[in-house]
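Student: I have a new structure open and would like to learn how to read it. Could you walk me through some of its features?

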Amino acid sequence: MDILITSFLVASLCSYLIVISAHRFPFTKDGTLGPQKAHPYSVPRIGGIAIVAGMFASIALLTLKGDFLSAKHMTAFMGCSLLVFGIGLLEDITKKVGARTRLIVTMIAACVAFFAVDGALLRLDIPGLDELLLAFPILSLLCTVVAVAGLSHSLNIIDGYNGLASMVALIVLSALGYICYTLNDWFLFQLSVAMAGSVLGFIVWNYPHGYLLVGDGGAYLMGFVIGEISVLLVSRHPNVSAMFPLLLVAYPVSETLFTIYRRKVLRGLSPATPDTMHLHSLIYHRLIRTYRPGKKYRRDKNRIIRRNYMTSPYLWGVTIMTTIPALFFWDNTRLLYCILLLFVAFYVWMYRRIVLFRSPGWLILELSEISRLNKLSAYVANAIRKVFGTTPSEPGNQTHARKDMADTKISQEDDRAADDAFSETLNVGSTLVYGAGNSGRQIILAMRQKKVNGKVLALIDDDKGLAGQKILGVKIHPPEMLPYLIERNRPQSIILALPSTPQSRRAEILQHIEPFHLKAVFTPDVHDLTYDNAKLHHLRSVRLDDMIDRDPVAADHAAFFSHINAHSLLVTGAGGAVGSELCRQLIKLKPKRLVLLDFSEDALGSIFFDLQNSITSKMDIVPILGSALHYKHIKEILNEYAIQIIFHAASYKVSPTSEHNVIPFIENNIVGLHHVMKAVAEAKVEQFVLISSKHAENLQGVLGRTQRFAEMFLQSFAKSQTNARFSCVRLGQTMSCSLMPQFHEQLNRNEPIHITEPSGICYPVSLAEAVSLILQAAVMSRSGELFTLNMGEPKRVVDLAYRMAYLSGVPMRKGKYSNGNIGLHFTGIDEAKFNTTDSPQDILKTAHPMIMLVPECEIPWPQMNQAMESLVKSLDDFNSVAANEIIQNILLNSRKKLVD
């Protein structure tokens with residue numbers, strides 16, 4: 001206990017002296033600029049000196065007590081550690097010592113300890129390998145060096161927020177000390193206690209307010225000491241599992257290995273390249289919500305400090321998760337292996353959920369909780385005042401006060417800009433431009449010519465060979481400098497001038513800038529520049545399609561052209577989301593005639609004028625106001641315009657009102673289809689394509705039942721006909737199908753974003769790509785096929801709404817599902833939440849990777865035709881109960897046939 005108290009008091013006093021004298025040694029301070037900086041003012045970065053002072057105070061105490069042997073061993077141990085501490089301290093002061101140099105010196109220190117203090121790793125509890133370690137000392141040396149040096153760098157990697165690396169080290173040292181005490185290993189126990197007391201003395205001044213940082217020197221020192229204690233503990237005590245110390249440091253080791261994989265393998269960068277994608281960085285940006293996005297939080301020092309010190313407890317909890325079972329089962333290797341595997345799985349799960357913006361609600365810490373926890377930090381500060389008689393103020397002098405006043409003025413300007421965050425004008429304000437090609441150059445010129453209101457602060461480009469060059473006086477920076485540029489320049493927006501960049505890369509860039517809550521603006525893509533007469537300076541706001549993190553599958557335009565060109569086409573439901581996009585793509589394939597059918601005058605007029613303005617050659621586009629329920633009208637249209645191919649998109653696919661309007665939905669989705677197909681059988685139509693949805697995979701809800709019945713009717717009808725090809729294509733709700741214009745309009749008016757239900761989903765496929773897949777399925781069709789689109793893993797609409805708001809620079813209100821000035825409003829039930837599939841059959845692959853084939857569920861045509869006649873009669877009587885029973889009986893019969 002006397003060693004603990006001595007090391008704690010000396011380290012705490014030394015830390016205090018460093019803090020109050022920091023203004024005399026400005027070279028010891030760590031600045032606020034950089035991708036991994038999370039403190040609002042310059043802070044001394046040499047906290048490792050206090051830890052070293054506490055350790056040497058412990059050596060002095062042992063000497064005074066007459067324990068010369070322990071003092072001698074600890075001195076030799078610290079002699080090896082000083083090599084590691086020295087190279088880290090040199091980096092803290094000069095900022096010029098590379099990661100490779102630090103790694104080499106750390107390995108040298110581990111080699112010295114291997115011989116000086118017998119720090120040799122002689123077993124790993126891996127059968128076969130332990131015998132090799134004993135037989136070949138050079139292999140033992142290599143394993144020891146890798147383990148100790150790797151752990152030293154692991155502690156340095158997780159060092160980023162107040163109390164993170166130091167408290168993790170304290171937890172691990174406490175666990176090691178307890179086991180050493182249990183095994184009566186007094187030297188290792190004294191070493192663990194001395195180091196723990198020294199680290200605790202530093203933490204007093206580091207957590208929560210961060211008056212002092214541990215720096216590379218301190219982080220390397222803590223990691224080195226923990227590594228050597230672990231090696232000595234395993235080598236001295238055969239009953240201690242080699243997995244015990246590894247489980248204690250599972251979090252920093254996992255973070256290190258995953259960082260190397262993420263940077264080197266996934267991104268092709270050096271593992272030493274700084275970024276903001278560590279687990280602790282993601283927690284800081286996405287789970288600690290202490291500000292209103294788009295406001296002055298970046299200059300509000302109290303808010304930054306709160307976010308900083310509330311990040312670390314998450315990782316303390318992660319460390320304790322492995323420490324507690326390790327203490328209980330320190331001698332059970334197999335069980336520790338299992339616990340380690342479970343932790344790795346938990347780490348990957350947690351990281352993936354946060355990266356994909358699916359963080360569990362219980363992980364997100366709101367401002368109210370932080371306010372309560374902030375009282376604890378006040379008690380800690382008062383205790384410091386009582387011990388030392390004073391509390392250091394923020395580093396700096398009156399210059400800082402004047403700067404704070406200037407920052408406040410700038411923040412007020414930022415507030416006014418944030419209120420106009422979703423303006424559809426070309427006023428982008430101060431901005432960064434991602435893309436230093438011709439698009440980036442055109443943006444700079446457009447701003448100087450006042451075509452766009454704003455100012456380019458810096459350029460970013462993926463081509464690192466351009467770094468340091470200038471375009472029209474604006475400097476180009478590599479992508480890893482983006483967080484630093486945002487922190488330094490505080491832009492109001494970021495323009496992605498990437499017209500030809502793959503979609504996957506653009507989504508990755510959006511993911512990197514999203515934590516900063518900047519308004520994202522895009523230049524037109526190559527397609528818009530080619531076909532829509534857009535200019536490079538015609539900017540647009542972010543769309544939901546921009547968040548799709550993969551490249552679209554290339555469409556077979558040659559096959560589409562030969563299939564559609566010079567044909568007479570009919571699109572029912574032409575004014576709807578799917579129907580209108582289908583018309584836009586069909587018109588580019590130069591059909592002989594395109595007939596548009598819709599019962600909504602506004603929707604029909606909108607798509608008609610849109611197509612008229614987009615065509616460059618004479619083409620026959622015929623808008624017809626009507627409904628698929630009018631059999632004679634449909635038959636007349638088919639004959640008069642000699643229709644050859646029909647795309648039936650008139651069925652209801654997504655609506656929160658379906659359960660309250662059963663009969664209209666049955667009439668439209670089933671009877672309307674029946675009338676059109678009956679007219680097709682009597683005309684010279686070559687192909688009929690029904691566009692269904694993935695609601696048909698569910699048997700709960702009116703949408704699902706009616707669409708599944710319609711699919712079965714089509715397949716049964718196709719067997720009884722020979723003059724036309726009938727097929728059906730299912731697609732799920734795409735990101736841009738109906739959500740995008742709705743989100744844009746509501747954000748623009750500062751209204752709550754309307755979502756049907758919290759569990760609602762949509763698929764990461766653009767509407768344009770989904771429609772191209774419908775055309776591809778039409779080309780592949782023979783007759784009677786039911787195709788379904790492989791649209792990837794569904795996304796929660798709630799998550800997309802948050803992302804859309806953040807990337808639009810719009811603050812959202814916090815709440816259970818709402819978060820800011822703008823919240824979320826849930827309007828009703830979304831049938832997408834039902835997961836009862838209609839059948840147990842397997843989906844079959846086709847030649848196209850995104851088009852799958854659903855096996856036929858054949859109901860004899862006489863039975864299906866009789867059911868249709870009965871259904872029409874019940875609808876004439878307005879008997880919804882009888883109509884539902886008829887549909888249910890057919891669906892149940894189909895299930896029995898599939899099971900049989």
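Student: What percentage of the 900 residues in the protein chain is buried?

Tutor: Keep in mind that this is a predicted model. Buried residues account for 57% of the 900 residues in the protein chain. The chain exposes about 37500 Å², and 58% of that comes from carbon and sulfur atoms.

Student: How many helices and strands does the secondary structure of the protein chain come to?

Tutor: The chain has 31 helices and 24 strands. Let's take a pair of helices next.

Student: Good. How are two packed helices described?

Tutor: Two numbers are used: the angle between the axes and the distance between the axes. Here, helix H4 (residues 99–116) and helix H9 (residues 215–236) pack at about 35 degrees, with axes 12 Å apart. The crossing of H4 and H9 is right-handed.

Student: Which residues make the contact?

Tutor: From H4 come Arg102, Thr106, Ala109, Ala110 and Ala113, while H9 brings Asp216, Tyr220, Phe224 and Glu228. Sorted by class, that contact holds five nonpolar, one polar and three charged residues. To read such a list, recall that an α-helix has 3.6 residues a turn, so residues three or four places apart point the same way.

Student: How much of helix H19 is buried?

Tutor: Helix H19 (residues 503–513) is mostly covered, with nine of its 11 residues buried. Among them are Arg505, Arg506, Leu510 and His512.

Student: Now a single residue, please. Is Ile646 buried or exposed?

Tutor: Ile646 counts as buried because its relative accessible area is 0%, and the cut-off for buried is under 20%. Ile646 sits in strand E13 (residues 645–648). Leaving aside neighbours within four places in sequence, Ile646 is in contact with Leu570, Leu638, Val680, Val685, Gln687, Phe688 and Val689.

Student: What separates the C-alpha atoms of Ile646 and Thr572?

Tutor: Those two residues are 74 residues apart along the chain, yet their C-alpha atoms are separated by 7.8 Å.

Student: And Asn669, where does that residue lie?

Tutor: Asn669 belongs to helix H25 (residues 662–682). Asn669 is also buried, with a relative accessible area of 3%.

Student: What does Asn669 touch, not counting residues up to four places away in sequence?

Tutor: Asn669 touches Ser651, Tyr652, Leu703, Thr706, Gln707 and Ala710. With Thr706 there is also a polar contact of 3.1 Å between the side chains.

Student: How exposed is Lys590?

Tutor: Lys590 is partly exposed, with a relative accessible area of 41%.

Definitions and conventions. Residues numbered from 1 in each chain as written. Predicted model: local features only at pLDDT ≥ 70, side-chain atom pairs only at ≥ 80, totals over all residues. Heavy atoms only, no water. Axes fitted to C-alpha atoms, helices over the stretch in contact; angles between N-to-C directions. Helix = DSSP H or I, 4+ residues; strand = E, 2+ residues; numbered from the N terminus. Left-handed = near helix turned anticlockwise from the far one by under 90°. Contact = heavy atoms within 4.5 Å. Nonpolar A, V, L, I, M, F, W, Y, C, P; charged D, E, K, R; others polar. Buried < 20%, exposed > 50% of the residue type's maximum accessible area, 1.4 Å probe, protein only. Areas by Shrake-Rupley, 256 points an atom, 1.4 Å probe, with all protein chains shown as cover. Polar contact = N/O pair within 3.5 Å; in protein donor to acceptor, adjacent residues only side chain to side chain.
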